[in-house]
Amino acid sequence: MSQMPQQAAVSKCPSCEEPLESGDRFCGACGYDLSAVPARPDDSPTIALNGAVPPPSSAPDGVDWPVARDSDGFGRPAPVHAAAEVPGTDSGGSPLPPHPPAAPPMPSAAPPMPPGTPPVPRTAPGPAAPGVRFDHPAGPEQEPVHGPETGREDGREPEAYPREPDAYPREPDEYPLQAPDPRSAAVPPAPAAPAASEKVCVACRAGRVDDDGYCENCGHAQPRERDHMEQESGPVAAVSDRGLRHHRNEDAFSVGCTALPDGAPASVAIVCDGVSSATRPDDASLAASRAAGESLLAALPRGTHPQQAMHDAILAASHAVNALAEEPETAREQAPHQNAPACTLVGAVVTAGLLVVGWVGDSRVYWVPADRSAPPARLTEDDSWAAQMVAAGLMSEAEAYADERAHAITGWLGADAYELEPHTASFKPDRPGVVVVCTDGLWNYAESAEEMAEAVPLDAAARPLHSARVLVGHALDGGGHDNVTVALVPFPAPPQGAGSA
């Protein structure tokens with residue numbers, strides 16, 4: 001446990017020299033705290049106080065104690081000596097060098113100097129430190145202003161007492177600025193161009209497209225990949241666009257070139273249109289186009305007849321779309337309103353002397369000869385309500401397609417479709433031309449063969465990609481109410497390696 005400090009044996013009060021009794025803790029005369037008296041040193045003090053050595057004391061213990069200073073008037077004795085009165089020495093006993101006085105705080109305005117104080121001379125600034133600017137405009141002290149009437153240099157009235165120069169330097173109006181590094185003053189480098197494998201902004205054509213679909217340079221939102229698609233494969237080209245009214249593109253296509261067993265070239269084009277009233281129509285069209293295209297490009301080199309290869313390709317596409325409907329029972333329970341994905345399909349195979357078409361639904365194939373004096377033709381019949389009315393003789397073609405039920409399809413690819421009946425046909429054109437494979441998003445604006453031939457550019461066989469773009473633009477200019485997809489296949493198929501100019 002804690003203990004009280006032991007009292008030193010003192011016969012007189014250090015403050016008032018009143019005799020003390022053994023065991024006193026405070027002086028009875030002045031109340032001095034005797035416990036604060038330090039232990040007696042072994043030797044006599046030699047520190048001079050007020051310039052004289054204290055006289056010897058008659059204390060019974062033989063120690064000379066300094067005479068206490070006068071009290072401060074409140075019963076507290078003054079200290080024996082102040083710390084500043086004791087000169088300091090270093091470890092060798094030599095006096096310590098004098099310490100420079102601490103700089104006073106910088107005043108906002110210098111205090112007035114009493115009259116008679118000698119002026120403090122101002123010193124000119126030394127050479128400028130590297131990297132610091134001293135180009136502040138000269139003030140009144142550098143360029144004195146002579147008043148024409150007052151006689152003072154600053155042009156002001158004289159004061160009762162002349163103002164002396166400031167004892168301390170004033171704060172500058174502007175703080176020194178770091179000089180700019182000439183190496184960093186160069187024009188900032190332009191943003192790095194995106195790599196060839198990265199997507200480029202469709203708006204500024206310079207910025208890289210981030211993962212969130214926005215340009216890092218201009219911030220423009222980029223269209224989704226399927227909103228506008230283009231592809232050119234040898235002499236075959238296709239373009240697909242979302243249109244102006246739909247929120248997504250539900251069309252898809254597949255184009256390619258291959259060779260028959262005898263080395264003759266063959267061109268393939270597949271176009272699919274998703275059924276908007278079905279669930280996931282965009283997935284259905286994409287799956288069907290890929291399956292049909294892969295089936296044709298695999299069967300033709302093996303020697304399969306193009307018409308049979310087209311029939312098999314439609315079946316492969318049907319299986320791919322049906323597979324999309326295979327969902328667990330829990331998914332159907334959570335979304336019972338969903339139905340099976342569905343789409344239509346139309347395709348063409350062009351060889352050196354044969355043209356084969358196949359379809360299910362209302363997408364079409366048109367034949368447009370290079371010699372526009374020859375008549376064009378539509379090579380497919382729609383699986384639609386209007387086509388059935390015309391075939392049954394119940395309505396004329398004009399009346400049927402004017403009806404609001406005209407585009408209701410009676411055939412499609414999907415798990416909920418009726419009995420699948422792929423349609424195929426073979427033609428042997430006697431002259432060169434171009435085959436137009438398209439969805440109703442295009443032929444709604446060029447329904448008849450003559451209207452389609454008028455919309456197809458004259459150099460379509462030589463420039464299929466450009467011509468496909470022109471046809472898509474024709475549909476967009478007409479209103480773009482639906483997704484627009486078109487593929488162009490020149491006939492006859494040119495040799496391998498030939499393409500659009």
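1. In which sense do strand 7 and strand 8 pair, and over how many bridges? In this predicted model, strand 7 and strand 8 (residues 377-378) are antiparallel and are joined over 2 bridges. Within this pairing, Tyr 366 lies opposite Arg 378 of strand 8.

2. On its pairing with strand 11 (residues 433-438), strand 7 is again antiparallel, and 6 bridges join the two. Pro 369 has Gly 433 of strand 11 as its bridge partner.

3. Of the 6 residues in strand 7 (residues 364-369), 6 are buried, so the strand is largely enclosed by the rest of the structure. Side chains in a regular strand alternate between the two faces of the sheet. Here Arg 364, Tyr 366 and Val 368 point one way, while Val 365, Trp 367 and Pro 369 point the other way; all are buried.

4. The buried residues of helix 2 are Pro 306, Ala 309, Met 310, Ala 313, Ile 314, Ala 317, Ser 318, Ala 320, Val 321 and Leu 324. Among the elements covering these buried residues are helix 1 (281-299), strand 5 (342-350), strand 6 (355-360), strand 9 (413-414) and strand 10 (423-427).

5. The packing of helix 1 against helix 2 is as follows. The two helices pack at an angle of about 145 degrees, and their axes are 8 Å apart. The crossing of helix 1 past helix 2 is right-handed. From helix 1, the residues in contact include Asp 283, Ala 284, Ala 287, Ala 288 and Leu 296; from helix 2, they include Ala 309, Met 310, Asp 312, Val 321 and Leu 324. By class, the residues of this contact between helix 1 and helix 2 comprise 15 nonpolar, 1 polar and 2 charged.

Conventions:
Residues are numbered from 1 along each chain as its sequence is written. This is a predicted model: local features need pLDDT of at least 70, side-chain atom pairs count only at pLDDT 80 or more; totals for chains, interfaces and linings use all residues. Side-chain values use heavy atoms; hydrogens and water are left out. Buried means under 20% relative accessible area, exposed over 50%, partly exposed in between (1.4 Å probe, protein chains only). Helices (H or I, at least four residues) and strands (E, at least two) are DSSP runs, numbered from the N terminus. Two strands pair if DSSP finds at least two bridges between them. Contact means heavy atoms within 4.5 Å. Axes are lines fitted to C-alpha atoms, for helices over the stretch in contact, and angles run from 0 to 180 degrees between N-to-C directions. A crossing is left-handed if the near helix is turned anticlockwise from the far one by less than a right angle, and right-handed if clockwise. Ala, Val, Leu, Ile, Met, Phe, Trp, Tyr, Cys and Pro count as nonpolar, Asp, Glu, Lys and Arg as charged, and the others, Gly among them, as polar.
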